[in-house]
Amino acid sequence: MELNVINEQGKETAKLAAADAVFGCEYNEALIHQIVVAFMANARQGTRAQKTRAEVHHSTKKPFKQKGTGRARAGMSSSPLWRKGGRAFPNLPDENFSQKVNKKMYRAALSSIFSKLVADGRLVVVESLDVESPKTKAFAAKAKALGVADSALFIANEVSDNLYLASRNLKNVSVVTPRYADPLSLIHYKNVVVEKAAIAKIEEMLG
């Protein structure tokens, strides 16, 4: 298939041949959902902790006598049934939320996302993303000319110091290299702007 390449003014300048296996494959919503859920789960940190009935502050004295009160019998106030009691199955700091994802599945999901972006007209290929100076105003003007100023993920072949400094203060804008174009970011932003030189890297990674 062919992708339209535009310049900094947003005008089409050329056509770029792209691999159908990456930018023209079938949309697989179930696979994308599975990969995104796994990606978010693998980013979780097991930092939360709850106390068991042995760890909560309590007395070992029997709360009230066994018989004659009409209440259910109780031996300790640390019971999980009681308010301020311990948890029966507490969350622990060493809890592991990670999910295994096969490389083949991950690449197929990214290819499906890129293909959907192309089909919806949300993927833009530009000649170059580099800027001459580390000025946010200059990069914001470039994003506005491309029509993606409100929300965009920029995938550059290489992120120079000027490009990084010029883009880091913009809201709803992120600049990454093809290696760090994760599935969550690709579906989060309204538009994806790819540098022409980065297309070959994406095809190499996912082909």
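This is a predicted model: local features need pLDDT of at least 70, side-chain atom pairs count only at pLDDT 80 or more; totals for chains, interfaces and linings use all residues.
Residues are numbered from 1 along each chain as its sequence is written, and side-chain values use heavy atoms, with hydrogens and water left out.

Let us start with the overall plan. The chain has seven helices and six strands; these are DSSP runs numbered from the N terminus, with helices (H or I) of at least four residues and strands (E) of at least two. Their order along the sequence is β-β-α-α-α-β-α-β-α-β-α-β-α. The radius of gyration is 26 Å, well over the 17 Å that the globule rule gives for 207 residues, so the chain is more spread out than a compact globule. That radius is taken over C-alpha atoms, and the globule rule is 2.2 Å times the number of residues to the power 0.38. Along its principal axes, the C-alpha trace spans about 90 × 40 × 25 Å.

Next, look at what is hidden inside. Buried residues make up 35% of the 207 residues, where buried means under 20% relative accessible area, exposed over 50%, and partly exposed in between, with a 1.4 Å probe and protein chains only. In soluble globular proteins, nonpolar side chains tend to be buried together. Here, the largest nonpolar core has 26 residues, and those with the most contacts inside it include Phe23, Phe114, Leu123 and Ile202. Such a core is a set of buried Ala, Val, Leu, Ile, Met, Phe, Trp, Tyr and Cys residues joined through side-chain atoms within 4.5 Å. Among the elements that each supply at least two residues of this core are strand S1 (2-6), H2, H3 and helix H7 (196-206). Apart from this core lies another, of 18 residues, among them Val124, Phe139, Leu146 and Val173.

Leaving aside neighbours within four places in sequence, Ile202 is in contact (heavy atoms within 4.5 Å) with Val22, Phe23, Phe114, Ile155, Pro178 and Val194. Across the chain, residues 24 or more positions apart account for 68% of the contacts with a separation of 6 or more. Not counting residues up to four places away, Ala145 touches Glu8, Gln9 and Gly10.

Beyond residues up to four places away in sequence, Lys51 touches Val56, Gly86, Arg87 and Pro90. The C-alpha atoms of Lys51 and Pro183 are separated by 36 Å. Pro183 is instead one of the contacts of Phe39, together with Asp182 and Leu184, and Phe39 is found in helix H2.

A pair of aromatic rings is described by the distance of the centres and the angle of the planes. The structure holds three aromatic pairs, meaning rings of Phe, Tyr and Trp (its six-membered ring) with centres within 6.5 Å; planes under 30 degrees apart count as stacked, over 60 as edge-to-face and the rest as tilted. The centres of Phe64 and Trp82 are 6.4 Å apart and their planes are at 20°, so this pair is stacked. Both residues lie in the loop between helix H2 (29-42) and helix H3 (103-119), so the pair ties together parts that are 18 residues apart in sequence. Phe64 is buried, at 16% relative accessible area, whereas Trp82 is partly exposed at 30%.

Rings meet charges too. The charged end of Arg44 sits over the ring of Phe97, 3.6 Å from its centre, and that of Lys116 over the ring of Tyr27, 4.9 Å from its centre. For this, NZ of Lys or CZ of Arg must be within 6 Å of the ring centre and within 35 degrees of the ring normal.

Finally, consider the backbone. Most residues other than glycine have a negative phi. Lys84, in the loop between H2 and H3, has a positive phi near 70°.
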